[in-house]
Amino acid sequence: MPFAVTAALVGDENVTATPDNETGQMDNMTIAGYIAQLACAIALLHAPEVLVIGGGVMSDGSLLPRIGELNPDLVRAALAKALGIEAPALTEDDEPFEIPYRDLTFCAGCPHRATYFLIKQVIKRSGAPCAVIGDIGCYIMGGQRAGYYGFQFENCMGSGVAAAEALGQLTAYGFDQPIVAVVGDSTFFHTTIPGLISAKYHNANMLLIILDNSATAMTGFQPHPGTGLTAMGRRADPIDIKAIVTAIGCNVWEADPFDLDGTRALLSSLIGAQGLKVLILKQPCATLSAKKGKKKKYRVDASLCRGDDCGCGRFCSRVWGCPGNSWDFEVGKAVIDEVACVGCGVCAELCPAGAIKPEGGESA
Ligand code: SF4
Ligand code: SF4
């Protein structure tokens with residue numbers, strides 16, 4: 001919403017912070033400042049008796065900065081100022097305490113976890129190195145522990161396919177690793193198509209894997225041309241990724257990353273093959289699936305769980321790493337966190353002891 005609309009909502013005189021130029025444009029406003037103004041506008045509309053403070057510039061006497069992190073010192077000082085009291089001095093009890101470390105990770109049941117697991121497994125089993133390049137989206141975590149350190153580097157949005165094409169040119173200089181680029185569906189629409197056209201035009205030797213989870217999940221589920229919704233929430237004919245890739249002239253394959261055997265076999269055959277290949281891995285974002293309701297409940301049969309003796313040492317909770325896979329320290333066995341688990345069933349397929357089962361069923 002442009003500033004002018006916000007101002008018009010409440011009347012200019014009610015908006016205390018104004019843009020820096022006379023045209024009402026937001027050139028010099030920060031997003032935080034803009035959000036603060038929106039909050040003021042909404043408060044003024046719905047609860048005019050509420051005094052909204054903060055969100056200004058520190059140097060001119062307001063309480064909180066427009067930019068930067070709101071750390072405890074800033075908030076403590078701002079609260080004291082707002083209440084007209086001295087900020088209380090810190091005591092020993094107020095010393096910062098240690099917050100338990102949490103890795104960045106994919107959501108429970110995220111299809112990207114299965115994809116990176118399979119990519120890693122196939123490369124490992126091939127016994128040869130492979131260059132994997134990431135891009136911008138949730139799947140950027142594939143370069144970290146969450147994705148088993150599944151790619152070596154990524155740069156700006158849309159650069160993955162271009163970097164992969166460029167690496168392929170190094171064959172003439174002795175670089176002989178297979179090259180894989182990983183990109184999401186939203187990034188494909190935004191910035192990957194020109195790179196793919198270039199890769200096709202130059203007969204690049206690479207595999208492009210498109211992780212189609214039907215969502216722009218990392219930044220808040222904004223619609224993209226594949227979702228069938230416009231930014232205004234209206235229905236539209238979705239653009240088919242496969243049709244675009246085919247129109248460019250690429251050979252294209254499709255698979256479901258939750259079909260572990262099928263996807264593994266495809267990856268094995270495509271990663272080392274010559275020429276430009278495109279693999280679309282289609283499985284909706286776990287958050288979208290979760291909104292539609294839980295598919296199945298899973299549980300661990302403690303009598304079958306190998307616990308610490310499990311092949312990789314607590315494979316499900318330590319290696320696979322879905323937030324739904326937890327560990328019962330008292331019992332010394334794996335356990336499914338019912339709240340986190342969305343019932344994708346992948347851990348059940350991977351458990352070497354067959355100890356994870358759907359409720360009321362014997363197999364995944
Ligand atoms: S993967 Fe299976 S056997 Fe291993 S710890 Fe988890 S539930 Fe137990
Ligand atoms: S079934 Fe397993 S992998 Fe899937 S969400 Fe539940 S705990 Fe995670």
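This passage describes the overall make-up of a predicted model, two of its elements and the surroundings of two ligands. Residues are numbered from 1 along each chain as the sequence is written, and chains are lettered from A and ligands numbered from 1 in the order in which they are written. Because the model is predicted, local features need pLDDT of at least 70 and side-chain atom pairs count only at pLDDT 80 or more, whereas totals for chains, interfaces and linings use all residues.

The mean pLDDT of the protein, where pLDDT is the predictor's confidence in each residue from 0 to 100, is 86, and 86% of the residues reach 70 or more. Over residues 1–28 pLDDT stays under 50, and for this stretch the model has 35 contacts beyond four places in sequence, a contact being a pair of residues whose C-beta atoms, placed from the backbone, lie within 7 Å. In the protein, 65% of the contacts with a separation of 6 or more are between residues 24 or more positions apart. The protein holds 11 helices and nine strands, which are DSSP runs (H or I, at least four residues, for helices; E, at least two, for strands) numbered from the N terminus. Of the 364 residues, 34% are buried, that is, have 20 or more other C-beta atoms, placed from the backbone, within 10 Å of their own.

Helix α4 comprises the 16 residues 111–126 and reaches 23 Å from its first C-alpha to its last, close to the 22 Å expected at 1.5 Å a residue, the expected span being 1.5 Å times one less than the number of residues. Among the buried residues of α4 are Tyr-116, Phe-117, Leu-118 and Ile-119, and the buried residues of this helix pack against β1, β3, α8, β5, α9 and α11. The helix is followed by Gly-127, which has a positive phi near 75°.

Strand β2 (residues 179–184) is largely enclosed by the rest of the structure, because six of its six residues are buried. Ile-179, Ala-181 and Val-183 lie on one side of β2, with Val-180, Val-182 and Gly-184 on the other. β2 pairs with β1 in the parallel sense over three bridges, where pairing requires at least two bridges found by DSSP, and Ala-131 stands opposite Ile-179.

Around ligand 1 there are 13 residues, of which Cys-305, Cys-310, Cys-316, Ala-334 and Cys-351 come nearest; a residue is near if its C-beta atom, placed from the backbone, lies within 6 Å. The shell of ligand 1 divides into 10 nonpolar residues, one polar and two charged.

Methods
Nonpolar A, V, L, I, M, F, W, Y, C, P; charged D, E, K, R; others polar. Contact = placed C-beta atoms within 7 Å. Buried ≥ 20, exposed ≤ 12 C-beta atoms within 10 Å, placed from the backbone.
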